[in-house]
Amino acid sequence: MKPLFVLLIVYVALLAFGSHTNFDKGNIFAGNIAMAVMLIFTAIGHFKFKTSMAAMIPLFIPKKVEIVILTGILEILFAIGLSIEVTRYYTGIALIVFLVAILPANIYAAKHQINYENLHKPGPGIKYLWFRIPFQFFLIAWVWYFSVR
């Protein structure tokens, strides 16, 4: 839920305040920068909660902590790529593939009630997917609209 708030607040702030400055670059710019800020926000979680997030990865996959760190680095690179107009299209396509690829980890975490911020507390469980799956598709649609189309 926090990433959604970050995404929407940054987007609305850029649209609201951008028109009052020389910095206003329009809707597409605001959408990409909002996604970039959200990706930086989520990447921080990959470093702060790496052990708990590693539990979201199915047991048969090795080097879980390393994968969490790598995906955090990828999110930072995606944020940079979306912020640069000439790399935005290909970054958007790669980000969509990434968002599809990480959905199984979120399903696994929900199914096993994994709390990605604290392993010692149970996560929200399957009911979390009623938010997470639509949110994932929302993020994919956002990236498609602002970066790829």
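**Contacts, cores and overall form**

Mentor: Leu95 touches Met35, Leu39, Phe78, Leu82 and Val143, leaving aside residues up to four places away in sequence; contact means heavy atoms within 4.5 Å. The model is predicted, so local features need pLDDT of at least 70, side-chain atom pairs count only at pLDDT 80 or more, and totals for chains, interfaces and linings use all residues. Residues are numbered from 1 along each chain as its sequence is written, and side-chain values use heavy atoms, without hydrogens and water.

Trainee: What makes a set of residues a nonpolar core?
Mentor: Its members are buried Ala, Val, Leu, Ile, Met, Phe, Trp, Tyr and Cys residues joined through side-chain atoms within 4.5 Å, where buried means under 20% relative accessible area (1.4 Å probe, protein chains only). The largest such core here has 25 residues, and Leu95 and Trp142 are among those with the most contacts inside it. H6 (129–148) is one of the helices that each supply at least two residues, and H6 gives the largest share, seven residues. A second, separate core of nine residues includes Tyr108 and Ile114.

Trainee: Which secondary structure elements does the chain have?
Mentor: The chain has six helices and zero strands; helices (H or I, at least four residues) and strands (E, at least two) are DSSP runs, numbered from the N terminus.

Trainee: Why does the radius of gyration agree with a compact globule?
Mentor: For 149 residues a compact globule would have a value near 15 Å, and the chain has 16 Å, which therefore agrees. The radius is taken over C-alpha atoms, and the rule is 2.2 Å times the number of residues to the power 0.38.

Key
Buried means under 20% relative accessible area, exposed over 50%, partly exposed in between (1.4 Å probe, protein chains only).
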